[in-house]
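Have a look at the sequence and the fold, then read on.

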Amino acid sequence: MSAISQKQVQKLLQKLSPQQIQMIKLLELPTIQLEQRIKQEIEENPVLEEEAVSQEAKEEEEQKEEVTMDDFLNDDTPSYRYHANNFSRDDKPYNVYITRGRSLSESLEEQIGFRSLSPRQEGLAKYLIGSIEEDGYLRRELSSIADDIAFSLGVETTGEELEEILKEIQQLEPAGVGARTLQECLLLQLGSRPLNTPARKLAKKILSNYFTEFSKKHYEKLRSRRGVGEDEFRDAIEEIISLSPKPGNLHNEGGNDALPYIIPDFILDNSGEELELRLNAGTVPEVRVSRRYMEMMQEMAGSGGVAKREEDKETIQFVKSKIDSAKWFISAIKQRQDTLMRTMTEIFNYQRGYFEDGDLGKLRPMILKDIADRTGLDVSTISRVVNSKYIQTHFGIIPLKQLFSEAMHTDSGAEVSSYEIKNILSECIRDEDKRKPLTDEVLMDILNEKGYQIARRTVAKYREMLGIPVARLRKEI
């Protein structure tokens with residue numbers, strides 16, 4: 001019989017504090033979301049306020065005898081001097097983002113208002129529209145949506161009733177919106193056009209009865225089954241190809257009305273003589289600790305830092321906790337800005353040749369560890385800085401992720417970026433004979449002949465990363 005015993009084991013565990021977790025989250029935020037996060041913090045913490053004082057007023061204020069929290073918190077730095085942005089800004093306009101207008105759902109809701117629907121039907125239609133994704137598809141089961149409507153709106157409905165309402169939505173623009181499958185999407189678009197040509201009639205038969213064969217590009221089998229000539233069949237296929245597989249994109253192509261925000265986090269100025277890198281702080285508000293709350297503390301506590309009245313102790317403690325939280329938040333934002341600028345400076349130095357003119361051929365192989373080693377930061381920190389961040393250059397707005405690529409080697413031993421391989425693949429596929437598209441094995445042979453030792457599976461991986469389908473699906477008749 002084994003004896004039961006107890007013993008102490010000491011373990012060293014790394015646990016992040018709430019402040020560290022919040023700092024990590026701030027680091028991940030792109031500029032537009034940081035702006036929203038700061039405004040949210042201002043709403044939640046009354047001690048925090050947006051800096052709106054002019055530079056002249058600041059200088060004048062600094063010359064006066066200041067009432068600070070030093071008396072209470074023994075802080076060497078006046079709290080209101082902490083600012084969210086510690087980088088200099090000039091008077092240049094910051095017209096560097098694309099504004100957002102009506103979304104797809106907003107456009108659909110406006111259109112549904114012109115349909116002859118009862119108030120109940122219109123309410124259900126708006127709920128359905130809210131379930132349509134940005135690309136225009138409705139991917140949820142109508143029965144599940146019916147359950148959600150009963151739970152959230154208290155309205156009993158059925159999948160059959162929603163099916164009828166969905167048909168109304170599918171009559172709206174852009175054509176194909178509200179489809180559940182690609183086949184339904186293409187048929188809806190084709191149905192919005194008059195079937196007044198043999199090509200459109202044949203296209204409808206192909207989509208309705210032979211969609212699987214069409215999607216696999218079994219064109220010869222299809223043409224044989226329908227018993228049509230090559231020219232007539234080609235016209236029908238071209239009619240189908242002219243349709244959009246993602247109708248929601250048609251809404252975005254209508255202009256800047258529905259384009260998403262793209263606010264660069266960094267700006268690279270080109271004066272003609274030199275390149276200057278700076279953080280884009282044009283839309284991020286500067287924040288400070290409210291002077292009004294510090295004066296209130298001064299009044300309640302006096303010069304000795306002790307509450308004059310017993311009932312003021314709780315108030316002083318509350319305000320002090322809010323001030324501490326505000327000062328930490330301001331400090332965290334500054335640390336975020338410093339980390340971003342430190343990381344981007346090393347990326348810029350590493351890829352200076354590319355940043356001079358935007359030539360992808362000058363893009364050096366670079367992985368996260370390269371920048372981590374240069375900055376002394378952790379790889380995970382670099383990953384958070386790079387994720388969802390953009391830089392505005394004189395040749396366009398570039399996602400930072402695009403600057404990172406694997407290293408490949410040529411026969412001569414030279415190290416080249418994987419972007420160079422992808423560019424060659426793109427050019428080869430662009431110039432190929434679409435009747436006999438190049439297979440991955442042929443593409444591998446072409447690259448090997450050019451001196452790039454690369455395996456077929458790597459060719460397939462890069463082709464997929466470029467969003468290019470396999471040779472069979474690229475074939476045209």
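This is a predicted model: local features need pLDDT of at least 70, side-chain atom pairs count only at pLDDT 80 or more; totals for chains, interfaces and linings use all residues.

Residues are numbered from 1 along each chain as its sequence is written, and side-chain values use heavy atoms, with hydrogens and water left out.

**Salt bridges**

How many salt bridges does a search of the whole structure find? The search turns up 29, where a salt bridge is a side-chain nitrogen of Lys or Arg within 4 Å of a carboxyl oxygen of Asp or Glu. Here are some of them, with the N to O distance.

| Pair | N to O distance |
|---|---|
| Glu28 and Arg384 | 3.1 Å |
| Arg115 and Glu168 | 3.1 Å |
| Glu122 and Lys126 | 3.6 Å |

Take the pair of Glu28 and Arg384, joined by a salt bridge. Glu28 sits in helix α1 (residues 18–28) and Arg384 in helix α19 (residues 379–386), so this pair links distant parts of the chain, 356 residues apart. Helices (H or I, at least four residues) and strands (E, at least two) are DSSP runs, numbered from the N terminus. Glu28 is partly exposed at 34% relative accessibility, and Arg384 is partly exposed too, at 25%. As for the wording, buried means under 20% relative accessible area, exposed over 50%, and partly exposed in between (1.4 Å probe, protein chains only).

Next come Arg115 and Glu168, whose side chains also meet in a salt bridge. Arg115 is in the loop between α5 (104–112) and α6 (119–130) and Glu168 is in helix α8 (residues 159–169), so the pair ties together parts 53 residues apart in sequence. Arg115 is partly exposed at 31%, and Glu168 is partly exposed at 26%.

Glu122 and Lys126 both belong to helix α6, 4 residues apart, or about one turn of the helix. Glu122 is partly exposed at 24%, and Lys126 is partly exposed at 34%. There's also a network of salt bridges linking Glu133, Asp135 and Arg139.

**A hairpin**

Strand β2 (residues 266–270) and β3 pair in the antiparallel sense over 5 bridges; two strands pair if DSSP finds at least two bridges between them. They make a hairpin with 4 residues between them, and Gly272 in the turn has a positive phi of about 100°. Across the pairing, Ile267 stands opposite Arg278 in β3. Is β3 (residues 275–279) largely enclosed or exposed? With 4 of its 5 residues buried, β3 is largely enclosed by the rest of the structure.

Helix α21 (residues 440–449) packs against helix α22 (residues 456–465) at an angle of about 105°, with their axes 9 Å apart. The two are therefore roughly perpendicular, the label for angles of 65 to 115 degrees. On the α21 side, the contact (heavy atoms within 4.5 Å) involves Asp440, Glu441, Leu443, Met444 and Leu447, and α22 brings Arg456, Val459, Ala460 and Arg463.

**Two loop residues**

Gln351 is in the loop between α16 (312–350) and α17 (352–357). At 0% relative accessibility, Gln351 counts as buried. Leaving aside residues up to four places away in sequence, Gln351 touches Lys362, Leu363, Arg364, Met366 and Leu403.

Thr410, in the loop between β7 (407–409) and β8 (415–417), is buried as well, at 17% relative accessibility. Its contacts, again not counting residues up to four places away in sequence, are Val416, Gly451 and Tyr452.

Methods. Axes are lines fitted to C-alpha atoms, for helices over the stretch in contact, and angles run from 0 to 180 degrees between N-to-C directions. Angles under 35 degrees count as roughly parallel, over 145 as roughly antiparallel, 65 to 115 as roughly perpendicular and the rest as oblique.
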